[in-house]
Amino acid sequence: KGICDKSKLSSKEKALVNVKVSFADGSETVGKLAVMAAPVMEGKAGGSIEHDGIISMESCHYVEAVESHGGCYDRVKYLGRMRGAVKCFPTTADYTGLEDAPYVRYEFYSENGGNYNIEVDVLARNPVVLGQDMMLAVAVNDSDKVYMNAVESDFYAGHTCPQWCNGVLDNVRRIVAKVPVKAGVNSLYVYAQSPNVSFDKITLWREDVKLPESYLGPVDSARF
């Protein structure tokens, strides 16, 4: 039996552990298990941990939801393509341009930091008003907000609009931006802007990493 006191670690350390396996017939064998130990991460329980330059978070894994102007984000089970999605209520409220809009906060651990791509998987909904944006804003730590629009300027609901058709078929609209990330524990803020915008997944990855192609994106990252 081995014990690792993570509070004494200053960086990641590897260990090779012998694991004895006993079988029903009385025979035994020994396998070797590689273990990676990391220092204690300072942050709220539930933050996501980077692996191979990628952080993948289902939207319901936020660590804080802050109400403002009578609105607040909440989890909605079984909405979207994951185990649930996050939606700001009331769904018709418009917070465009407000600096203190309602937000949800996520925590994640980055090994080295740097410039990262961020992709938000927005549910394929239509603007409340024809021609209106479907906007949200994101910020990492104290960086400036980055505004992300889930619909193009010529979007409309109808079978002759390619973006509308693709959203109906895939049940998602993916929007991508770039954000600065520091080494260690980071806070990601997602601010409500336009009404009726829900999202079920967030993915961050380093600029030098190629995101594997898949329909649902990377699996949910391990959490601390």
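**Exercise 1. Is Y103 buried or exposed, and what is its relative accessible area?**

Before we start: this is a predicted model, where local features need pLDDT of at least 70, side-chain atom pairs count only at pLDDT 80 or more, and totals for chains, interfaces and linings use all residues. Residues are numbered from 1 along each chain as its sequence is written, and side-chain values use heavy atoms, with hydrogens and water left out.

*Solution.* 
- Step 1: Buried means under 20% relative accessible area, exposed over 50%, and partly exposed in between, with a 1.4 Å probe and protein chains only.
- Step 2: apply them. Y103 has a relative accessible area of 18%, so it is buried.
- Step 3: do another one. Y189 also counts as buried, at 18% relative accessibility.

**Exercise 2. Work out how the rings of Y103, Y189 and Y191 are arranged.**

*Solution.* 
- Step 1: set the rule. Rings of Phe, Tyr and Trp (its six-membered ring) pair if their centres lie within 6.5 Å; planes under 30 degrees apart count as stacked, over 60 as edge-to-face and the rest as tilted.
- Step 2: count. There are five aromatic pairs in the structure.
- Step 3: take Y103 and Y189. Their ring centres are 5.4 Å apart and their planes sit at 75 degrees, so this pair is edge-to-face.
- Step 4: Y103 lies in strand 8 (residues 103-110) and Y189 in strand 13, so the pair ties together parts 86 residues apart in sequence. Strands here are DSSP runs of E with at least two residues, helices are runs of H or I with at least four, and both are numbered from the N terminus.
- Step 5: Y189 and Y191 are stacked, with 6.2 Å centre to centre and 25 degrees between the planes, and both residues are buried.
- Step 6: Y103, Y189 and Y191 form one aromatic cluster.

**Exercise 3. Which strands pair with strand 13, and over how many bridges?**

*Solution.* 
- Step 1: recall that two strands pair if DSSP finds at least two bridges between them.
- Step 2: look at strand 8. It runs antiparallel to strand 13, with eight bridges joining the two; Y103 has Y191 as its bridge partner in strand 13.
- Step 3: look at strand 10. Five bridges link it to strand 13, again in the antiparallel sense, and V140 is partnered with L188 of strand 13.
- Step 4: check the cover. Nine of the nine residues in strand 13 are buried.

**Exercise 4. How many cavities of 30 Å³ or more does the structure hold, and which residues line the largest cavity?**

*Solution.* 
- Step 1: the idea is that rolling a probe the size of a water molecule over the atoms shows where empty space is left.
- Step 2: define it. On a 1 Å grid over the protein atoms alone, a cavity is a set of points where a 1.4 Å probe fits but cannot get out, and lining residues have an atom within 4 Å of a point. Grid points are joined across faces, edges and corners, and the volume is the space filled by probe spheres set on the points.
- Step 3: the structure holds one cavity of 30 Å³ or more, and the largest has a volume of about 90 Å³.
- Step 4: 16 residues line the largest cavity, and C88, A192, S194, N196 and V197 are the closest to its centre.
- Step 5: strand 7 (84-89), strand 10 (135-140) and strand 13 (184-192) each give two or more residues to that lining.

Terms used
1 Å grid on protein atoms, 1.4 Å probe; cavity = no way out; pocket = protein on both sides within 12 Å on 5 of 7 lines; lining within 4 Å.
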